[in-house]
Amino acid sequence: MNRFKGFAIPYFIWLIVLAFLPIVVMIAFTFLSMNGSSLEGASFSFEAYNRLIDPSIAKLIWNSLIVAFWTVFFCVLIGYPCAYFVSFSKLKNKLLILLLLILPMWSNSMLRIVSWLRLFTSKYFVGFNLAGSMEAVIFVSVTTYLPFMIFPIYTILEKLDRGLIEASNDLGVPKFKTFLKVTLPLSISGVYSGIIMVFLPAATGFAISQTIGLGKIRLIGNLLQSVFEKNNYNFGSLISVLVSLVITLVILLFSKFNKEKKPC
Amino acid sequence: MGKKILILKDIKKVYDDKVILDNFNLSINENEFVTFLGPSGCGKTTCLRIIAGFESMQQGSLLLDGREISNLPPHKRPINTVFQKYELFPNLNVFDNIAFGLRNNIYSNVYDIGALNLMKEYGIDEEERDLLNKKIQLIEKPNDVKKFLNTYFMERSKYFMAKEYLEAFDKEFKHLRYSDFKDRLDKVVNIDNQDASYQEYKEIVLKDISDNDIYYKMLIRLNSKGFKEAVIKEEVTKSLKLVNLEGYENRDVSSLSGGQMQRIAIARAIVNKPRILLLDEPLSALDLKLRKSMRLELKEMQRKLGITFIFVTHDQEEAMVMSDTVVVMNNGVIQQMGRPEEIYNQPVNKFVAGFIGEANMLEGVYSELRRCKFLDKEFKVSAHDFTVNDDIYVLIERNDIDITDIESAKLVGVIKNVNFDMGKYYVDVDVDGTNIKISSEEKLHVGDKIGLTFSAPNIYCESLNQTKAALLANYEDPNIFKGVYLGNQTVSFMGLVMKTYITTFLPGEVVDVVIRPEDFDLVLDNPDKAIIKGKVIKTVFTGVNFNIWVDVNGKTLLVQDYQNVEIGEIIGLSIDYYEIHLMKVEDEKQPDYIVKARVEARLNAIEEANK
């Protein structure tokens, strides 16, 4: 293995240049009062931190978490059965079926978001006029991020040894209980990775809330976008750091709960 | 003994236009070790999966204890399987794996097991336990079992009777005098304190009864918190003990070796007390040495548990060593079915002969510790659990025999026949009149003289007597009599002194004498000259032959013959000495000096071996 250690070097350089350094710079920016991203005439200041007191920022983070929560919830609700039935079906080319199921995702995501907006605002669909509501944002988030939930679950289910299900039936355990006691505990890791993969973009994205929300639904992503658009690197960096912290915290909490819950 | 537990009738299974099983008829006895033997693709595993309920069939019926089960899903069949790949749940530890069935199955048979265990613990006799068990079996909904047990214990509890009685008395108290009440209660319990007030008296009575009332105690235990888990723990511990893996409860399944996983898989199945245990090539994933020792253990386990085992294998040696009955299959059709020796000695067709013929099966004698005599020569063997002079049979696989030069070889034979197949030569060698099968990479010529050799671990020994006894135990209505071994190959039973082929018992030892009904020959023309003489009590035509019950010196013998005799007729019976089988009787039924002599003989053998 040691002979191939060298292959990891490019990734390390990548990590340092494109991940570690930017974070350091970003944290440094939070303490600087400056004009755009230029360091000329920059001075040390806590100005950005003072602006954090604004309760609207907490409100935006809370909104983002709410949207992300419901998106994750519906993705699990729709994604698990979908992955389950495709994986346990006797179809020959299951992967192709799965790809067809998520056919709409093959088009550009911005295009899809705009299409949903057209549908929501169309005069032909009265009663479907949801544009500008939280529900619509969550709905479009779910349609956008569903594949990220289905695929990890499907992969885990495909690897699940079908003999274990037979063994459970053989031991006198009926089908549904077998699902609860064998299939679900053994595929829950797929659900967990799906949850993280959906939660992250759903909590930080801005395109959906901006387009579908018609500017009425504002998430933390929208704030970030507008701040950086105004060239305010100082405050923008601080919000970015804050969002990263909140998300890390949520994931830590989630994985702690994950570990404590012992499968039985 | 001999009761049919599973009947497979006219089973047909077709998959993708390919016939997997055809006209498959088989009946399996209770407490039998049955092996399905055949090459891969012969339908043996499919048959097992049909019995378990994982596969459907196009035609036929499957009767378990006389009840049709082919429409039941696997979880409703009282049959458990040990899978080839074990299929242990990776997310659970050893304990939870074994407890899985008890915790989650639809029978919820934890309360009945627990109640029966409790009754045994409190010394309630077997008769009552059996009766209760039968009643529980009739309950359809598992949730009703606990309710039923509660009522059962309450009805028999003196405490509850007394309490009911006192409550009834409390209602009528106004009309009765205290002394009346005392008189009545004194009949139930003795109380010293004659001056006690009514309330005190009541308490004393109830306390006294509850202290001595075992049904009340069992009732409390049954309803105590954690009773279910305690029963599960007890059962899991018991089954772990049976597979010799005590103390492994908290181990992670992934930390176990193949052999240990195998044992856990067996424990997980038998803890549910199935009617039938199915084993799908469970030894094939183990290495050779482990496989050989597991064979003996499985057989021993089956004997201890008294559960019917159906074992699937492609290894004919495995089948020969373990089974009571071997079912040889090919292309979905039963080729032959019978006892191992029967199949080995009288194969019905070329396929059976070829398939079984991979091993050499020879009769021999265990001459001293780790030594055994067969083909008139003495060989070193690794088996050590026989007594000196035990009759054994020896199995040596074709591939385990090597060719050496004539001078140094113990066995020398002449090549009779050479067949070439799949890059190997299959050779029959005649050694002093016995046919030995070997295989060789080099070409050998018919008529050449060669020397043969094999190493000790490759010689597999099995007790001949024990196998025969095991076979007979499965036989319907065998004649079993208590007898005494007189020494010098003679045995006395039913007032007769007869010769037998067995030499392994001590003079004076009590033995069971077993004679199969069809082994008797009728002597009709001159009964007085026959060895055994008796009067016919009853005859029944079975459809094939006649069952004849004969009274000999006041004891009844069952004889089977193709000709009928008159009731009341005096007939003679003859029997060949090699058809009189003797079985060991447990030590506690033996005279003391026999037990002592047995122990001494064993110690001497060990001592000599150590020298």
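**Close-up 1. The salt bridge between chain A and chain B.** Across the interface of chain A and chain B in this predicted model, the rule finds one salt bridge, a term that stands for a side-chain nitrogen of Lys or Arg within 4 Å of a carboxyl oxygen of Asp or Glu. The partners are A:Glu166 and B:Arg49, whose closest N and O atoms are 2.7 Å apart. A search of the whole structure finds 21 salt bridges over all chains. A:Glu166 lies in helix H7 of chain A and B:Arg49 in helix H1 (residues 44-52) of chain B, so this pair joins two chains. Helices (H or I, at least four residues) and strands (E, at least two) are DSSP runs, numbered from the N terminus.

*How the model is read.* Residues are numbered from 1 along each chain as its sequence is written, while chains are lettered from A and ligands numbered from 1 in the order in which they are written. Because the model is predicted, local features need pLDDT of at least 70 and side-chain atom pairs count only at pLDDT 80 or more, whereas totals for chains, interfaces and linings use all residues; side-chain values use heavy atoms, with hydrogens and water left out.

**Close-up 2. The contact surface of chain A and chain B.** The contact, meaning heavy atoms within 4.5 Å, takes 19 residues from chain A and 25 residues from chain B. The area buried between the two chains is about 1800 Å², and carbon and sulfur atoms give 60% of that area; buried area is the accessible area (1.4 Å probe) that two parts lose on being put together, summed over both. In chain A, the residues that lose the most area to chain B are A:Glu166, A:Asp170 and A:Leu171, which together account for 36% of what that side buries.

Close-up 3. Strand S9 (residues 325-330) of chain B is joined to S10(B) by five bridges, and the two run antiparallel. B:Val326 stands opposite B:Gly338 in S10(B), and B:Met329 stands opposite B:Ile334 in S10(B). The hairpin has two residues between the strands, and in this hairpin B:Asn331 takes a positive phi near 50°.

**Close-up 4. The open sheet of six strands in chain B.** The strands follow the order S6-S7-S8-S3-S9-S10, with mixed pairing, where two strands pair if DSSP finds at least two bridges between them. Strand S6 (79-82) and strand S10 (333-338) of chain B are the edge strands, each of which pairs on one side only. The twist averages 20° from one strand to the next, with axes taken as lines fitted to C-alpha atoms, for helices over the stretch in contact, and angles running from 0 to 180 degrees between N-to-C directions.

**Close-up 5. The open sheet of five strands in chain B.** Here the order is S25-S29-S26-S27-S28, with antiparallel pairing. The edge strands of chain B in this sheet are strand S25 (521-523) and strand S28 (555-561), each pairing on one side only, and the twist averages 45° from one strand to the next. Four bridges join strand S26 (residues 532-541) to strand S29 (residues 570-574), both of chain B, and these strands run antiparallel. B:Lys533 has B:Gly572 as its bridge partner in S29(B).
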